[in-house]
Amino acid sequence: MPHRVESESRKLLGKLRETMAAQTAGQERLDEIVALIAMSMQAEVCSIYLFRDSETLELCATQGLAAAAVHETRMRLGEGLVGRTARSRRVINTADAPSERGFRYMPETGEERFSSFCGVPVQRVGDILGVLVVQSKTARKFTPDEVYALEVVAMVLAEMAELGAFVGEGAALAAPHQRPSLIKGSIAQEGAAEGRVYLHEPRVVVTNPISDDPEVELARLREAIETLRTSVDDMLSGNRSLNGEQKQILEAYRMFANSRSWKKRMEDDVSNGLSAEAAVEKEQSLAKARLSHAGDAYMRERLNDLDDLSNRLLRILTGQGAETGAEMPDNPILVAKNIGPGELLDYGKKLRGIVLEEGSVGSHATIVARAWAIPLVINAKGVTTQALNGDNMLVDGDQGFVHLRPDETVQSAFREKIAMQALAQERYASIREHPAKTKCGSVIRLDMNAGLMADLPSLEGSGAEGVGLFRTELQFLVRNKMPRRGELSALYSRVLKASAGKRVAFRTLDIGSDKVLTYMKPNDEPNPAMGWRAIRVGLDKPGVLRMQLQALIRAADGGPLTVMFPFITLHEEFIAAKAEMDKALAREKRLGHPVPSSLEVGAMMETPSLAYAPDAFFKDVDFISIGGNDLKQFFFAADRENERVRKRYDTLSPSFLNFLSMVIARCEQNGTPISFCGEDAGRPVEALCFAALGLRSLSMRPASVGPVKHILRRVDLSEVRAVIEQSMADGDTSVRRAVADWLAYQV
Ligand code: PEP
Ligand code: MG
């Protein structure tokens, strides 16, 4: 880096700091800054364009263009060279702007006189805030050093904007994190929630973009990098239970942490006047910009690693921890990139809402949120960068919208919506004690799904008849070590007591897939959902299964007991699992413990193969429970956690309904009780169709019992069946529309 430019950008940063320290307000500040930059860069023009909304850029200050154009000239994202800089998040540097692709002539600015153009994105860790532009009459490309100096200044501008430095008279520009924002995501759990943001991984706040003393700052940076390196080394050497993928990630971290060029670039930034934190963020922003262009999945992963590593480095520098930092507000709305079921369980039911940048409807974290009836929006792009801890947030789980920092009108409309929902809940409460009896006289048993002690009070409130699926693995997920038999039996006994004689179908442990126990040696499997999971683990390593069965028998304490095995794929697996139950019973008898007064042992049908098992299987089981979440994933060969493929296939497609009808018919022929406990059972239209096909037992999350019962009580199933048949005869790819339209006239 030539000395001249180095000292220029340092000088410039020094002056910027003075501007920041001065008492000037928004517009004045911006005006001073553009004048400063133009002078220092020896360019005739310097302008700052900032986003008005997510699609529109506005000229907010200029030195050299017509003053009247300020706050008047606007362009769409992607429009003109400024719009292109913003969209591509890359520098555009040209000696002949008018002949560039996309050049837009804006007469009000008088800019046709300027030949050279250099636009630099003003961005902060993935958030693009605007564009900094310099222009000159002489046809010349700005040198790499000049571009570098502009990037450094753009970085500081982004930090200043973040801190609200441009808010005030005339500028009419709120800090990006003070503006209201509407984010569109996808629906994962309906409901409305109002609360305050609680970031799963809070973003680091940098308050000092410009350093006072580059020497001190360099030392801080070097020390922080050293700490980072040691911590990555420690993670790699001290953690024996890492699986292949985790190891690979840490290896990549180590590679970056030791990268000389990464370190050198940040050191240069610090020498040029940035603080250590701002230098880390500058590199991080550039990596993020590259990330948005990277087509190659491997490259994207690596850039993600670098992003994560930069966050760690920032935390070391600022002392802001990942899990500390902010106190949980009163009505917390959890905002995260993604979250596993175990982590979500750690937060517990206190969350008012959840918003995920990624996430999927089929994941177990979603199932936990649904079980707790916590409104959940997934695929909310950009939410983790836009939201700050403590921000006001409204989650509209019915529409899949998130209102961040909403204004008064939105807030009051939303409160009305919440009140309406409370009214609907009251209506469901009034039928709580009534059966789900249809107009044609069929009675459908409605049970609820549960997995935690905390779910049991819903048994009373929801109007469910019992627990059709108790996911025992949730108890294992919330702990950090394997529970002991005594603990388990005490817990199951409490569950049975709390259910006061109502039937509870305990499903034995279903770990594997996305349910990972931190204290069990992880398996490095390319396809965990189709891997060593659930009953497969239980049969190959029967220690835990035996302990669980014993704990269940002891908890029943001579009363009735219902147990079902997950993920049974073949008759033989059920025979082997049942044999474990028989052994456990014999053992308990030998030890003098009471055996259950009645025992039902069932199988979950979660793979299509089981539907084609020999009749002997259907006769052998006491009941079958269809685990629709997994069954659908294997029926359609569509990963339940992959939103892209999951959404392509509808439960109410003729293929799946024909398949279900076949299963129901086989159960009828063999006298096998059958129920459905996947998420679809709790969706009113699906529940209606299942009942019309002949299912008489459905198990769902507690909050769905009311709406499903409400609908069932209003219909004649033979009519629903006729609608389904007609829709299929018409060749519809899904009967959903036909049934929903018919329903609209009934209720
Ligand atoms: C299912 O697969 O439908 C089911 C109920 O089990 P889980 O969602 O826990 O895999
Ligand atoms: Mg399942």
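In this predicted model, Glu606 has a relative accessibility of 2%, and because buried means under 20%, the residue counts as buried. Asp630 is likewise buried, with a relative accessible area of 2%. Both residues coordinate the magnesium ion, ligand 2.

**Magnesium site**

**The chain as a whole**

- The chain has 747 residues, of which 56% are buried.
- Its secondary structure consists of 27 helices and 23 strands.
- The C-alpha trace spans about 90 × 60 × 40 Å along its principal axes.
- Of the contacts between residues at least 6 apart in sequence, 67% join residues at least 24 apart.

**The six-stranded sheet**

- Six strands form an open sheet with antiparallel pairing, in the order β3-β2-β1-β6-β5-β4.
- The edges are held by β3 (74-76) and β4 (92-94); each has a single partner strand, so one side of each is left without a neighbour in the sheet.
- On average, neighbouring strands of this sheet are turned by 25° against each other, direction ignored.
- Three bridges join β4 to strand β5 (residues 116-124) in the antiparallel sense.
- Ile92 stands opposite Gly119, a residue of β5.

**Helices on the sheet**

- Helix α2 (residues 26-41) lies across β1 (45-51), β2 (56-63) and β6 (127-136), and runs at about 65° to β2.
- Helix α3 (residues 80-88) also packs on the sheet, where it touches β1, β2, β3, β4, β5 and β6.
- The direction of α3 makes about 35° with that of β5.

**Crossing of α24 and α27**

- Helix α24 (residues 684-693) and helix α27 (residues 736-746) have axes that come within 10 Å and cross at roughly 100°.
- Because angles of 65 to 115 degrees count as roughly perpendicular, α24 is roughly perpendicular to α27.
- On the α24 side the contact is made by Val685, Glu686, Leu688 and Cys689, and on the α27 side by Arg736, Val739, Trp742 and Leu743.
- By class, this contact has six nonpolar, no polar and two charged residues.

Notes
Residues numbered from 1 in each chain as written. Chains lettered and ligands numbered in written order. Predicted model: local features only at pLDDT ≥ 70, side-chain atom pairs only at ≥ 80, totals over all residues. Heavy atoms only, no water. Axes fitted to C-alpha atoms, helices over the stretch in contact; angles between N-to-C directions. Helix = DSSP H or I, 4+ residues; strand = E, 2+ residues; numbered from the N terminus. Parallel < 35°, antiparallel > 145°, perpendicular 65-115°, else oblique. Contact = heavy atoms within 4.5 Å. Nonpolar A, V, L, I, M, F, W, Y, C, P; charged D, E, K, R; others polar. Pairing = 2+ DSSP bridges. Donors = N, O, S within 2.8 Å, 3.2 Å for Na, K, Ca; no water. Buried < 20%, exposed > 50% of the residue type's maximum accessible area, 1.4 Å probe, protein only.
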